[in-house]
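Please read this briefing with the structure open beside it, following each topic in turn.

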Amino acid sequence: MNVTFGVNTTSETINKTNATASDVAVGSVDSNLDNTAKAIQFAVDNATAENSTVRVGPGTYNGSVRIGTDGLTLKGPNDGVGGDSANRGDEATIKAYAGTIVVNAGNTSINGLEIDAAGSGGDDNQEFGDDSDDVAVFVGGMERTDFSNVTLSNNQIDATDSSTSGVVIEEIDNVTVKHNRFSDSDFISRSPGPSTLPIGVRTVKSAPDNLKITENTFDIGRGVEISTPTERISIEITGNDFNVYEHGVGIQNGQSELQVGDVDISKNTFTGGGAAQRYVTGFSPNALDIDAILNDQGNTFDRAVTVRDSSGDIAVDAIYSTIQGGVGAASSGQTVSVEPGTYESVSIPKNVTLASTNGADATTINASSDSPTVEVISDKISIDGFTLNGSVDNDVIESELGSGVLNVTNNTIRVNTDTGTTPDGESPYAVDSSSRITVLNNTITGDDKSTAYGLTTRGGSASDDSEIRDNDISSVGTGLQTRGASGVAVTGNTFTDISASAVFVTSANAEVTAYNISNNDISDVGNAVDLNANSNDISGVEINDNKFVNADQLDGFGAVEARENGGSITETVDATSNWWGAPSGPSGQGPGSGGAVSANVDFKPFYLDAAKQTLRVEVSDQSVTNASRVSVGGDGSATATVSGSEVQSTTVTFSSGSVANSVTVGEASAPTGNAQGSEPDTDVATFLDISADQEVDTSVDISVTVKSSTLSNAGVATENAVILHYVDGAWTELETKSSTNGGTVTLTATASSLSPFAVGAAKAEPSGGGDGGGSNFGGVFAAGDRSVSQRVYSGLIEEIRAEFTEPTTGAVTMQTVDGFPTAAPTPDGQVVSTFEITPPDDVANDPGTVGLTISRSAIDNANADPSDIQLVRYDDSSNSIDELATNVVSESGETIVLSAETSGFSTFGVVIADQQPTETETSESTETETAESTETEPSEQTQTSASTTTEEDNPGFGVLVTVVGLLGAALIAHRIRS
């Protein structure tokens, strides 16, 4: 049966029809009447049966309601619809100034209402819990305290006024607050102190046990505050959405038994956050596991700040929503640790470290209007890992202290400008400090390089020993400006797209006595380094190992400018060992076309290459030109590029244990060092002066690449070129391997030590001749080449050449061997030598050309003519010996050069055709022999073989087997080059 309670607007009485105690419904009433909540109270008072339900229809009910009957359910029209749902219909709103709904009975449920603690009704004299009378729902002892089990769900609870609470729970266990929305419509715009802000849910006196606050929405000044319990309890605060101004969850612990883990704060979302406030706080130590709440319990924070000690442990039991809040709670020496998010400007009055947990890409600080992004008012601050956006015409990081150190590391700093003048009349900088600065690994940019600036120190000697390292600074007017600071180190930075100076050093505030600028890349700037001796002197400046490219674009300024403007440059500026943008060196006071240098600048030696590998140096020997110095690498080798000379490069590789750190290579027009006045007795293409910074007394591998024209102009045949070494008072020909590549020839040999060298022609009878044995193998690496060559040392062959139809890349092995494969047929004629050419697979079976340079004396001793020589090839696919059309390209008194077309590359042979019998031999032949019936068998080859096995690291070099085919006793006795 339904019972309806209504209000008679004339008599102002409440009528009851068809009422039973078990089912009471309250219809809408006239909201213009005061205390219309009496209709609900009348229904509640008459619902005396256990588990009764009072249903409240839409409308506004002024006044308070007290529930004193166990088992009562009070339902509004939005029963079952979440407090923040867009599906809610017309509301049943109960409004009262003090204690809108008071629950003083167990097993009570309030569902689907709008409850407002800012109405005109209620008992102004009643205190609810702790001297507060502004409560939307009060759950606690009035007439009784012996009850539990209260559920508040699907309600909209408004606590707009200051010092108002949505729900207050006083020592009642088993309370569930679920699916409600707590609102404070003015909380975003208001900025009172924390003590005056409305609270969503709070407990008073001793905190209750088994309190569950789940899946609510808090759009209010403060979310949840839990008072100190007198014993261990269980509290769940899960799945809520906190959009709060001051704090989301606050837990009091005091001297209670509450332990970490008793309060479950999980799967909540925290957003909003007012100035200097907290999302989670344990008002006293040991109440919460902050790290677990932050990282392990499924909570989400739009931003979060913690305070940590030097070990990285939590120092303050709180998660702050602002950096300023963390700074305020931190003590000197602690770290304010900032989680990803976007934050507001901060002022730092303490010696703390400000550090992000996930770096600049994830953590941003935006400046407030007309103020620096980070204002430093302490003497030891570190700022690490942020994107810092400056406000228009303001410094991004500003420090006004005259002592201490400001550390700025791993940040992205953006300077924003409009007029280009700060409120105090200065130019806006990324970092503006009057103390010492350490600026490491930052990216610094400006939005307008005509008005935005990079770094400045204005403290004179207070900025001494500043360090600027590994930064990327671009699109600003000046990269770095120091005023009277000494001991500054500017290293490893990149400066680019700068309208004025990359580094501007002025002595306006104090004398500058030491300054180091090294290993920087400076490009597209008005001026790389400007030293302005303004009023005071400048000395001790070192500018080394930098790269300057387009570094003098500002009219009237060089890449390095040393100016005297009321002060003096008292020492020549050391600007040695730099790359000036051109191999010829700097312009201005320099000899080249690179960035200009002014007077008072020493620029020698300078680098010949942008990689800063080879230095152009000067040596005392007047015959040495184009000398270069290069460091020895970790593999023991050093390659010096001699730019613009006949020698293209020289590689020196030391034996294990060498202590050499650098090598100097100079091309010379005459013998150098202890070889002066001693000329080799052979044609010489060029002399080399090679020295190391340490004495070298072990073997050294020398590789020299020269122009082919250098050899030919000196009358040295490419195939006959060797490295000569002056040792023990005489020039010695080194056993030399050679290879050609385009217009260059590379010669490689091993020397016993470093001393004068030369590139010249081998003697007709080279030193250290052999007896037919020796190393008869070689290899070269083709790099997109169509032709390669290799010198070898056999009795007959001096050089092997191969030409391919297409360019190839890879190892090409060329070596003499001890004969054709066993299965091969016997060639026609006398086989005097065999050799193999093994190129990369992509050209191995393609047509090409094979060439040989062979010893003329060996052919002469065999009484053979060059036209008798035939090149043949073994074709393994048909197991045949193919004769190749052999041409004599050239011949001299020492060598014969042959070439032949071939269908592929494999094993080749040098064959001398059988010779016709002499007249005497013919007369002694029998008359029965005729030309048709006579068959001349190939003469049996006498072979002497020496087999040597050598393991090498280079690809293509395997087991080495050398066989020299001998033609008669004269050929056996012939001396050959070893």
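**Strand S78 and its partners**

- In this predicted model, Asn 887 stands opposite Ser 899, a residue of strand S78, and Ser 899 is also the bridge partner of Gly 851.
- Strand S77, which covers residues 886-891, runs antiparallel to S78 and is joined to it by five bridges, while a hairpin of three residues leads from S77 to S78.
- Strand S74, made of residues 848-855, likewise pairs with S78 in the antiparallel sense, here over eight bridges.
- Because seven of the eight residues of S78 (residues 895-902) are buried, this strand is largely enclosed by the rest of the structure.

**Nonpolar cores**

- The largest nonpolar core has 72 residues, and those with the most contacts inside it are Ile 323, Ile 397, Tyr 515 and Ile 543.
- Strand S50, which spans residues 521-534, supplies the largest share of this core, namely six residues.
- When neighbours within four places in sequence are left aside, the residues in contact with Ile 543 include Ile 517, Val 529, Leu 531, Phe 548 and Val 560.

- Thr 705 lies in strand S65, which is formed by residues 700-707, and it counts as buried because its relative accessibility is 13%, where the cut-off for buried is under 20%.
- The side chain of Thr 705 makes a polar contact, at 2.9 Å, with the side chain of Thr 746.
- Beyond its neighbours within four places in sequence, Thr 705 is in contact with several residues, including Glu 646, Val 647, Thr 744 and Val 745.

How values were computed. Residues are numbered from 1 along each chain as its sequence is written. This is a predicted model: local features need pLDDT of at least 70, side-chain atom pairs count only at pLDDT 80 or more; totals for chains, interfaces and linings use all residues. Side-chain values use heavy atoms; hydrogens and water are left out. Helices (H or I, at least four residues) and strands (E, at least two) are DSSP runs, numbered from the N terminus. Buried means under 20% relative accessible area, exposed over 50%, partly exposed in between (1.4 Å probe, protein chains only). A polar contact is a pair of N or O atoms within 3.5 Å; within protein, one must be able to donate a hydrogen and the other to accept it, and residues adjacent in sequence count only if both atoms are side-chain atoms. Contact means heavy atoms within 4.5 Å. A nonpolar core is a set of buried Ala, Val, Leu, Ile, Met, Phe, Trp, Tyr and Cys residues joined through side-chain atoms within 4.5 Å. Two strands pair if DSSP finds at least two bridges between them.
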